[in-house]
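Subject: Handing over the two-chain model

Hi there,

Here is the structure I promised to pass on to you. Please have a look at it first, and then read my notes below.

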Amino acid sequence: MWPLYTYHHLLTFLLTFFSYVLLHASRKTFSNVKVSISAQWTPSALQQNGTAFTLSPTETWEGNALFADMGEATLFLGALDSIFLFSYAVGLYVSGVIGDRFNLRYVLSFGLCGSAITEFVFGTLTEWLHFYNVYLYCVLWVINGLLQSTVWPCVVAIMGNWFGKSGRGFVFGLWSACASVGNILGAFLASSVLKYGYEYAFLVTSVVQFAGGVVVFFGLLTSPKEIGLNDYFETGLRPVTRDSDSQRPLMSDEEDELTDEYSSIQQQDEEPQPQPQPRAIGFFQAFCLPGVLPYSLAYACLKLVNYSFFFWLPFYLSKNFGWKEVEADRLSVWYDVGGIIGGTVQGLISDLLGKRAPVLAISLLLAMGSLVGYSHSPNNQLVNGALLATTGFLIGGPSNMISSAISADLGRQEALHNSQQALATVTGIVDGTGSIGAAGGQYLVSLIESKLGWMCVFYFFIIMTGCSVLFIIPLLFREIQSLCRDRQARTLQL
Amino acid sequence: MTANVTVSSMYLFTVLLLLFNVYVNSQDTDAQLCQMCEGTIRHDSPVWSFCITKGYVKGHCCFKNNTSDVDTIIGLDLSNCSISHVEHLYNSSTALIIDLSNNPISNLSDYVFQGFSQLTQLLLPSKLECPGGRASWEKVEVKSITRICEGQKNACNQTVQMPLVCPENSLCSPYGPGFFECSCLNNFHGYKCMRQGEFPLVKVLGILTASTVVVSSVLWFTQRRKVKNT
């Protein structure tokens, strides 16, 4: 049942894993240095008895006045977050299409290095030059969102090339821990250099990310085909899979798209068997592939809930239960832990079952129950942590699975007949739709919270989870039908 | 509110003057301050008796002895100089004693003496108040037409006037009569004293570059070298 993996598989796993870890680490860095940045942008307001005092020496205390006070700076930082999420979502649609047309390795390296340079300019260079400008920050963050969006479709496509459908659920479940690992690494990096100034937090994460891009450029193999690994007889590796066609890579990496003449000349020279070069799929064509639209919509609802937990959980915990910020931060890690375990375990189950939709549906139905449970959590950190891990298991797990394993399934489905490159495009569409949902959700959550209170936020989460189940139902019926057919066929054979 | 505005505008004015100060070399200071009017320090001025023991006289200024290259003004006698208004006192903020008596000065801003943290004796025309008010001085007495402000109080310890709490990582220190400044604690520096220590830039970049080169070449040899160009 399990395909045999080489050390190339391991290195691919690690390289793509750490590419996304570094990316997410720099995102986390930005959210962790927000306090320092807003302090840097504002004059110090020493308010006593209703009157403001100016502090001497002025260069130290009143020198920068990009914003009048911390409140305005916080608003601007929130706006930067929204700008980033929006340009990231738009970028995902575009960069998936680009990824399928160019060499994945080049696109991935370019995305990593380019976004590293943008972050360096944003955080370090402007501080060194003492040049603070609202418009510059906005433009840089739009560029950063676009560049960062190239990474996810590329790494999923590369992983999809290397890991066949049979073991994909488990491997991808393990692999999608990269976002959470990135959060932990980013928090660690930021906290360890923040005392030298926030610009060094940006410097360290961007330099490390740039280094990651260089390593990817020199070390990554985008598909087993590059080293002739899909030739099972040559290597002696013959994966015993039910659908061995999914083991064959869809993405070729011979820059055929870039140099059409070159490859046509080469084909004439070699006189090979007339193997058609896979052509990249069109954007709307990819949208219409079976399963892409339902999963995109389901993921939009699910990522909304998932990201709301990511952004709002520490705030909720410290507001609702009065716990310290450090405690709330520490406790919120359990949601991530639950998500990692959930993604891996559910991926494994779906591998054994051969179907993914039923696992998702059951997990999401249970998740609605666990959300009700979590909203009634007692003021006890142990109970709350356990409920949080369960909710993470049931929501984060399916979320990880859709964004990675299922995206890879969809991009290499039978409907494509192995004739088109669709992996990155489909991943971009699924994740892009999800990101739009997440971006809209950030606004809705703050709106609902301020108007109706936290309980309604949880009802909103439950409704959204229910919606994602609804979107999956058509696929669920089809998969259950085929599952029954398989079983009947097997009984008939016996 | 209006008081606030005036205070802040005056403050800004002082800042500009202080900045201007930086570019004025000691020669100009000598010319503008020490040669403000004819003659030299009067022998009956308290600045004279102070300067005999502590330094040397040059024009109307008293400079500190045995300072190698920087001229530090420790005393200033501008009495009987027909000064009608004082905008700033250039870089005499190191002065311990200043005599402005016997001048037709109508009013005197507190901000003139901002940064004069060493000042222990100030002689003014009697109609002028001591800068920073009575509360900023140990002793204030009026002798005929001269007001003598003696013994500057530390503004940081005056909790009555305003409770002075400097922001994080900074410490309150006196900054002239009625003034205080928040200076960064040891090791802290930069805007709002938020930065601590120096980032080991060369070391970090060196280690990162070296490890990138090593990892890249190892991966190239194990991975990309095997790429078949078909």
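Let me start with a question: is Cys467(A) buried, partly exposed or exposed? Cys467(A) is partly exposed, at a relative accessible area of 24% (buried is under 20%, exposed over 50% and partly exposed in between, with a 1.4 Å probe and protein chains only).

Before going further, some conventions. The model is predicted, so local features need pLDDT of at least 70 and side-chain atom pairs count only at pLDDT 80 or more, while totals for chains, interfaces and linings use all residues. Residues are numbered from 1 along each chain as its sequence is written, chains are lettered from A and ligands numbered from 1 in the order in which they are written, and side-chain values use heavy atoms, with hydrogens and water left out.

Confidence in chain A

One stretch to treat separately is residues 231-275 of chain A, where pLDDT stays under 50. For that stretch the model has 77 contacts beyond four places in sequence (a contact means heavy atoms within 4.5 Å).

Cys301(A) counts as buried, at 9% relative accessibility.

Around Trp175(A)

Trp175(A) sits in helix H8 of chain A, residues 165-175 (helices are DSSP runs of H or I with at least four residues, strands are runs of E with at least two, and both are numbered from the N terminus). Trp175(A) is buried, at 0% relative accessibility. Which residues does Trp175(A) touch, leaving aside neighbours within four places in sequence? Its contacts are Phe13(A), Thr16(A), Phe17(A), Trp152(A), Val155(A), Val156(A), Met159(A) and Ser404(A). With Phe17(A), Trp175(A) is 158 residues apart in sequence, yet 6.3 Å apart from C-alpha to C-alpha. The side chains of Trp175(A) and Thr16(A) are joined by a polar contact of 3.1 Å (a pair of N or O atoms within 3.5 Å; within protein, one must be able to donate a hydrogen and the other to accept it, and residues adjacent in sequence count only if both atoms are side-chain atoms).

Chain B as a whole

Chain B has four helices and 11 strands. Of its 230 residues, 42% are buried. Among contacts in chain B with a separation of 6 or more, 37% are between residues 24 or more positions apart. The accessible surface of chain B is about 12,500 Å², with 58% of it belonging to carbon and sulfur atoms (Shrake-Rupley method with a 1.4 Å probe; for residues, only the protein chains shown count as cover).

The disulfides

How many disulfides does the structure hold over all chains? There are four, and here are some of them.

Cys51(B) and Cys62(B) are bonded, with sulfur atoms 1.9 Å apart. The torsion about their S-S bond is about 95°, so this disulfide is right-handed. Cys51(B) lies in helix H3 (residues 46-54) and Cys62(B) in strand E2 (residues 61-64) of chain B, so the bond ties together parts that are 11 residues apart in sequence. Cys51(B) is buried at 1% relative accessibility, and Cys62(B) is buried at 0%.

Cys156(B) and Cys172(B) form another disulfide, at 2.0 Å between sulfur atoms. Their S-S torsion is about -85°, so the link is left-handed. Cys156(B) is in the loop between strands E7 (146-152) and E8 (170-174) of chain B, while Cys172(B) is in strand E8, 16 residues apart. Cys156(B) is buried at 16%, whereas Cys172(B) is partly exposed at 23%.

Cys184(B) and Cys193(B) are joined as well, S to S 1.9 Å, and with -85° about the S-S bond this link is left-handed. UniProt lists a disulfide between Cys184(B) and Cys193(B), and the distance in the model agrees with that record (UniProt positions are given in the numbering used here, feature names are shortened, and annotations may be inferred rather than shown by experiment). Cys184(B) is partly exposed at 29%, and Cys193(B) is buried at 0%.

Best wishes, and happy exploring!

Definitions and conventions. A disulfide is a pair of cysteine sulfur atoms within 2.5 Å. pLDDT is the predictor's confidence in each residue, from 0 to 100.
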